[in-house]
Amino acid sequence: MPGQDCWETIAGKDFNCRILLSPFNRRLTVDTFNLSRVRGAEEMIQVLTEKARTQGLDKIWLKSIPKWEKNFLAAGMKLEASIPGFYKGKERAVVLARFLSSRRETPSNSKGITLVKIITNNRTSEATKRDLPAEVSLKWAQKEHCPHLAGLFSKVFPTYPFPVFDPNYIRQTMNNGTCYITAWHNNKLVAASAMELNQLEKNAEMTDFATLPMWRGQGLANCLLAQMESRLKYKGYRCLYTIARSSSIGMNKVFAGAGYSFNGVLINNCNISGDFEDMHVWSKIL
């Protein structure tokens, strides 16, 4: 089994950054960074490339303000996506990656973009609204629900990019500000999703959607998403975004139907449901 994810802080002459090393996803994620001058981008990517290779990782990715885009591109990164209004609803984020193997750089789903075009061309002008199925209730998750959430995720996903099968991990994410919304039927958890909040930049990632197989197709994901959006709008968040599996027609339809715009593809971004998979980026400005 791969080792556990770990955080590190790295500093160079013209940069410093906080990174997450993920052996399971074979990925190095730059969480935050600071460049003291333009050439700091090249220095940072050189240092991180050496770090990734020594750890057996073959993808480096980060989000940045547009100011540094050209410098990161010159340092060998590629633009994968762009998220409008990511920073306080005003400035977009560019999502950049560097691939350290040809296999990692080869898309896992050659039909992904075709799927997006079909979905976006067929969606209506108004957001799709679904009613909650009879006898299903929604609740904001509390700490005592962590074992139920872990059980749901383990039933839905063979593998997942983060250890959501562990109740303690879910409890830790709650402590760090992630909010989970759950759907229950006869005291049984049948679906859930989460929102990871960035209070400083007023953005939120809509994530961790999971529905038991027998409950799919009944609009639960739509209802969970609408509930999260309502709370985020009330709290003054501006940019909502998601990273959806390219193979999941249902989830891509949910976000397209809810008025999200397609912003790009993250190639082989994470290890989910048994293999590495391309992820579609969708976003919406409130």
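## Strand pairing

Two strands are taken to pair if DSSP finds at least two bridges between them, and in this predicted model strand 4 (residues 59–64) and strand 6 (residues 91–99) are joined by six bridges and run antiparallel. Within this pairing, Lys63 stands opposite Val95 of strand 6.

Strand 6 also pairs with strand 5 (residues 78–87), again in the antiparallel sense and over six bridges, and here the bridge partner of Leu79 is Leu96 in strand 6. The hairpin formed by strand 5 and strand 6 has three residues between the strands, and in this hairpin Lys88 takes a positive phi near 60°.

Just after helix 1, Gly56 takes a positive phi of about 75°.

The buried residues of helix 1 are Gly40, Ala41, Glu43, Met44, Ile45, Leu48, Thr49 and Ala52. The elements against which the buried residues of this helix pack are strand 1 (6–11), strand 2 (15–22), strand 3 (27–35), strand 4, helix 2 (69–74) and strand 6.

## Aromatic pairs and charges over rings

The structure holds eight aromatic pairs. In one of them, the rings of Phe157 and Tyr160 have their centres 4.7 Å apart and their planes at 50°, so the pair is classed as tilted; Phe157 is buried, and Tyr160 is buried as well. In another, the ring centres of Phe209 and Phe255 lie 5.5 Å apart with the planes at 85°, so this pair is edge-to-face. The pair of Phe209 and Phe255 links distant parts of the chain, since Phe209 belongs to strand 10 (residues 203–211) and Phe255 to helix 8 (residues 249–257), 46 residues apart. Both Phe209 and Phe255 are buried. Elsewhere, Phe86, Tyr87 and Tyr241 form one aromatic cluster.

Charged side chains are also placed over aromatic rings. Arg18 lies over the face of Trp7, at 3.7 Å from the ring centre, while the charged end of Lys139 sits over the ring of Trp184, 5.2 Å from its centre.

## Cysteines

A disulfide is a covalent bond between the sulfur atoms of two cysteines. The structure holds zero disulfides. Cys239 is in no disulfide, the nearest cysteine sulfur being that of Cys179 at 17 Å, and because its relative accessible area is 0%, Cys239 is buried. Cys270 is likewise in no disulfide, and the nearest cysteine sulfur, that of Cys6, is 18 Å away; at 5% relative accessibility, Cys270 also counts as buried.

## An exposed loop residue

Asn176 has its place in the loop between helix 6 (167–175) and strand 8 (179–185). With a relative accessible area of 62%, Asn176 is exposed, the cut-off for this class being over 50%. Relative to Val95, which was placed opposite Lys63 above, Asn176 is 81 residues away in sequence and 23 Å away in space, C-alpha to C-alpha.

Notes: Residues are numbered from 1 along each chain as its sequence is written. This is a predicted model: local features need pLDDT of at least 70, side-chain atom pairs count only at pLDDT 80 or more; totals for chains, interfaces and linings use all residues. Side-chain values use heavy atoms; hydrogens and water are left out. Rings of Phe, Tyr and Trp (its six-membered ring) pair if their centres lie within 6.5 Å; planes under 30 degrees apart count as stacked, over 60 as edge-to-face and the rest as tilted. Buried means under 20% relative accessible area, exposed over 50%, partly exposed in between (1.4 Å probe, protein chains only). Helices (H or I, at least four residues) and strands (E, at least two) are DSSP runs, numbered from the N terminus. A charge sits over a ring if NZ of Lys or CZ of Arg is within 6 Å of the ring centre and within 35 degrees of the ring normal. Contact means heavy atoms within 4.5 Å. A disulfide is a pair of cysteine sulfur atoms within 2.5 Å.
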